[in-house]
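Subject: Structure for you to look at

Hello,

Please open the structure below and keep it in view while you read. My notes on it follow.

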Amino acid sequence: MGRIICISNQKGGVGKTTTAINLAASLASAERRTLLVDMDPQGNAGSGLGLKRENLTGTVYDALLGGRPASELVHPTELRFLQVIPATPDLTGAEVELVNQERREFRLREALLPLKDKYDYIIIDCPPSLGLLTLNALVTADSVLIPLQCEYYALEGLSQLTHTIDLVKQGLNPSLKMEGILLTMFDARANIAHQVVDEVRGYFKDQVFQAVVPRNVRLSECPSFGKPIILYDIKSKGCESYLALGRELMRRDSPKPSKRRVA
Ligand SMILES: Nc1ncnc2c1ncn2[C@@H]1O[C@H](COP(=O)(O)OP(=O)(O)O)[C@@H](O)[C@H]1O
Ligand SMILES: [Mg+2]
């Protein structure tokens with residue numbers, strides 16, 4: 001069964017979508033069957049992987065409210081092991097339309113369930129809010145990965161997010177785990193960046209990923225080419241950091257098998 005990780009932080013611009021795309025691409029480049037699901041009406045996860053809006057045959061909206069099977073909404077990408085269920089701005093309406101639906105918090109979970117064993121990893125990109133779309137993602141996920149920007153106010157709003165996660169654990173999804181905190185947009189020349197790293201590591205200890213994503217202009221360029229960093233500039237520091245993050249995750253999931261002699 002695949003593992004479902006949602007990338008969440010209700011703050012905008014902290015690197016959620018960049019992380020969703022490039023973590024998914026890193027896992028796929030290691031031949032892990034990976035699905036990226038876009039739950040943000042901005043739709044940047046699909047466009048960042050080269051999908052053109054006019055060519056989409058369906059979006060996550062159709063699964064949440066249109067009754068279409070998720071398998072029909074899966075689109076290929078340039079990477080053989082990476083597929084994506086995209087989103088478009090009509091997903092904004094879903095937030096309101098879901099309110100009156102039965103089992104409104106479980107729509108995404110029920111839609112993705114039939115796909116779970118087709119993938120090793122399903123990565124969900126969340127919108128910058130704690131509304132019903134994010135709630136659906138948290139109810140679907142096995143774990144949450146929280147990107148934190150290495151800047152002033154990095155921790156602002158984090159307690160709201162952890163409170164929401166706790167509420168979900170108490171009710172809708174008791175098995176939800178914390179995957180970890182990912183420090184993003186680290187600028188080694190800025191004192192504040194080092195302070196944030198120290199503070200976050202001091203407080204959250206081993207819940208913080210070893211991999212730290214640097215501020216790297218190549219990462220901000222590649223979405224306009226519709227490519228993950230690994231297909232845009234594999235030698236960049238940004239690419240190195242997301243490959244390291246992917247390895248860290250995979251190591252957790254499959255610790256090295258003990259050496260055995262083949263009979
Ligand atoms: N490590 C990074 N270095 C430089 N620019 C980045 C980095 N991560 C993200 N960005 C840029 O910052 C902006 C916000 O990132 P994004 O991933 O869209 O955040 P979110 O999804 O949390 O709103 C985007 O323009 C993105 O290209
Ligand atoms: Mg985003």
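Where does tyrosine 153 lie? Tyrosine 153 sits in the loop between β6 (143-149) and α7 (158-170). Helices here are DSSP runs of H or I with at least four residues, strands are runs of E with at least two, and both are numbered from the N terminus.

Before going further, note that this is a predicted model, in which local features need pLDDT of at least 70, side-chain atom pairs count only at pLDDT 80 or more, and totals for chains, interfaces and linings use all residues. Residues are numbered from 1 along each chain as its sequence is written, while chains are lettered from A and ligands numbered from 1 in the order in which they are written.

The whole protein

There are 11 helices and eight strands in the protein. Its radius of gyration is 18 Å, which agrees with the value near 18 Å for a compact globule of 263 residues. That radius is taken over C-alpha atoms, and the globule rule is 2.2 Å times the number of residues to the power 0.38. Along the principal axes, the C-alpha atoms fill a box of roughly 50 × 50 × 45 Å.

Of the 263 residues, 46% are buried. A residue is buried if 20 or more other C-beta atoms, placed from the backbone, lie within 10 Å of its own, exposed if 12 or fewer do, and partly exposed in between. Among contacts between residues at least 6 apart in sequence, 79% join residues at least 24 apart; a contact means that two C-beta atoms, placed from the backbone, lie within 7 Å.

Around ligand 1

The shell around ligand 1 has 18 residues, and Gly15, Lys16, Thr17, Thr18 and Ser220 come nearest. A residue is near the ligand if its C-beta atom, placed from the backbone, lies within 6 Å of it. Elements giving two or more residues to this shell are α1 (16-29), β7 (177-186) and α9 (217-221). The largest share, three residues, comes from α1. By type, the shell divides into six nonpolar, 10 polar and two charged residues. Here Ala, Val, Leu, Ile, Met, Phe, Trp, Tyr, Cys and Pro count as nonpolar, Asp, Glu, Lys and Arg as charged, and the others, Gly among them, as polar.

Two leucines

Leucine 27 lies in helix α1. It counts as buried because it has 28 C-beta neighbours inside 10 Å. Leaving aside neighbours within four places in sequence, leucine 27 is in contact with Arg32, Thr34, Tyr121 and Gly246.

Leucine 130 is found in the loop between β5 (121-125) and α6 (132-140). With 19 C-beta neighbours inside 10 Å, leucine 130 counts as partly exposed. Not counting residues up to four places away in sequence, leucine 130 touches Gln10, Gln160 and Thr164. Leucine 130 and lysine 11 are 119 residues apart along the chain, and their C-alpha atoms are separated by 9.5 Å.

Positive phi

Most residues other than glycine have a negative phi. Tyrosine 153 has a positive phi, near 65°, and counts as exposed, with 10 C-beta neighbours inside 10 Å. Methionine 185, in strand β7, has a positive phi of about 55°. Is methionine 185 buried or exposed? Methionine 185 counts as buried, with 23 C-beta neighbours inside 10 Å. Lysine 205, which follows α8, has a positive phi near 50°.

Regards
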